[in-house]
Amino acid sequence: MPNEDRLVTCGSDGCFKTWTLVENKPQASNSSATTADSASSSSMSWIYDTCNGYRDLTPVDVDFARLDESNMLVAVAFNSTIALWTYSSTGGGVEFHDELFNCDKSDMIRQVKFLGSDNLLAIHGSYLNLWQRASRAKRAPSDDELTSKQRDEEFNCTWCKEIKNETVSICSVVANDSNLWSKQSSNQLLLTFSGEQASQIRLATFELESGGKSRTTPKLTFIHELVNSNPNGATHFVCIGKPNSDDLEQPNNDAHVFSFKNHTNLIYCDNKGVRY
C-alpha cells in the first residue's frame, strides 16, 4: 500500500488499478438532528481512479516504490515480463515508463518486490533476477518520444541466480521496535525456499548493501531450516519480531514454533490451519 489512502492491486480482469480511500458524503438534509446523525456515522470507501493493462495479458503480481510524496513507480508482472509505470496522486495519473524482458520467455514470474526505488527483485520459476536502475548510456532516435525521466533512467538486470527444484516466496514481516526487524529495511527481504515435495523449507535473507544506486552483489544467506508437516498443502508464512528479543532465551526448535537469531518467530498457515 503506497500510503494510508492509496492502494495498488492487480486481478484476473487483465488490469492493475490504483485506488483512493474517500469519505462517503452524507446526503443533504433540512433536519439538524438527521445531519448530526449522518456526520457521526460517516463511512469510507475505496474507489479506483486508474485502470490499465498491458498487451492483453493477465497480471500476476504488483509492487510499488515511492519516488516522492506524490509520485511512485509501479511494477506489474505479466508472464515473464515486468511493465513499469509512474503514478502521480496529484492528477497526473499513470504513465507508462518501461518494460523489462526476461531472456527466457517460458520462465514465468511469480512475485516482484522493490528494494528501495532503484532495485527490483523478480522471482521466476527457475531464477531470481535483480534489476537495478542506471542512467542510459546512449539515446536512440526514438528517445525523442520519451519523457525526460524515461530518457535519463532505465533498469538493467545485474544479478541472476538459478533456482533448482525449489519454489521461492517472499515472507511477510511484522516487526516490533526492539528487534532485528524493527525497521523494515528497504534493502533486505526474507525468502522461503521449499522443495518439490515441500517437506523441507529453508529460510534465507536477501540483502543489498546500502549505498543507493551502486551496483553491488546481493547477499543471499540461508539462516534456518524446518520440516513441513503438511507438504501437500500450500503454505504461507508471516515472520513476527519478538519484543525485547535480545533478552529472551532461544526456544526449542520444532516444526511449528521456532526462532532464529533470538529475534524472530515464524507463523505459517496451510489448508489445515494456522501453526505457530
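What share of the contacts in the protein chain with a separation of 6 or more is accounted for by residues 24 or more positions apart? Such residues account for 54% of those contacts, a contact being heavy atoms within 4.5 Å. The model is predicted: local features need pLDDT of at least 70, side-chain atom pairs count only at pLDDT 80 or more, and totals for chains, interfaces and linings use all residues. Residues are numbered from 1 along each chain as its sequence is written, and side-chain values use heavy atoms, with hydrogens and water left out.

**Overall composition**

- The protein chain holds two helices and 20 strands; these are DSSP runs numbered from the N terminus, with helices being H or I of at least four residues and strands being E of at least two.
- Of the 276 residues in the protein chain, 38% are buried (buried: under 20% relative accessible area; exposed: over 50%; partly exposed: in between; 1.4 Å probe, protein chains only).
- The accessible surface of the protein chain is about 15,300 Å², and carbon and sulfur atoms contribute 46% of that surface; areas come from the Shrake-Rupley method with a 1.4 Å probe, and for residues only the protein chains shown count as cover.

**Cysteines**

- The count of disulfides is zero, where a disulfide is a pair of cysteine sulfur atoms within 2.5 Å.
- Cys 10 is partly exposed at a relative accessible area of 27%, whereas Cys 171 is buried at 4%.

**Surroundings of His 124**

- His 124 lies in strand S9, which covers residues 119–124, and is buried, with a relative accessible area of 2%.
- The His 124 side chain reaches the backbone oxygen of Asp 107 at 2.8 Å.
- Apart from neighbours within four places in sequence, the residues in contact with His 124 include Asp 107, Met 108, Ile 109 and Arg 110. Ser 80, Asn 102, Asn 129 and Ile 163 are also among the contacts of His 124.

**The four-strand sheet**

- Four strands form an open sheet in the order S4-S5-S6-S7, with antiparallel pairing; two strands pair if DSSP finds at least two bridges between them.
- Strands S4 (59–66) and S7 (93–101) are at the edges with a single partner strand each, so one side of each has no neighbour in the sheet.
- From one strand to the next, the twist averages 20 degrees (axes are lines fitted to C-alpha atoms, for helices over the stretch in contact, and angles run from 0 to 180 degrees between N-to-C directions).
- Strand S5 (residues 71–78) and strand S6 (residues 81–88) run antiparallel and are joined by eight bridges.
- Val 74 has Trp 85 as its bridge partner in S6.

Methods. A polar contact is a pair of N or O atoms within 3.5 Å; within protein, one must be able to donate a hydrogen and the other to accept it, and residues adjacent in sequence count only if both atoms are side-chain atoms.
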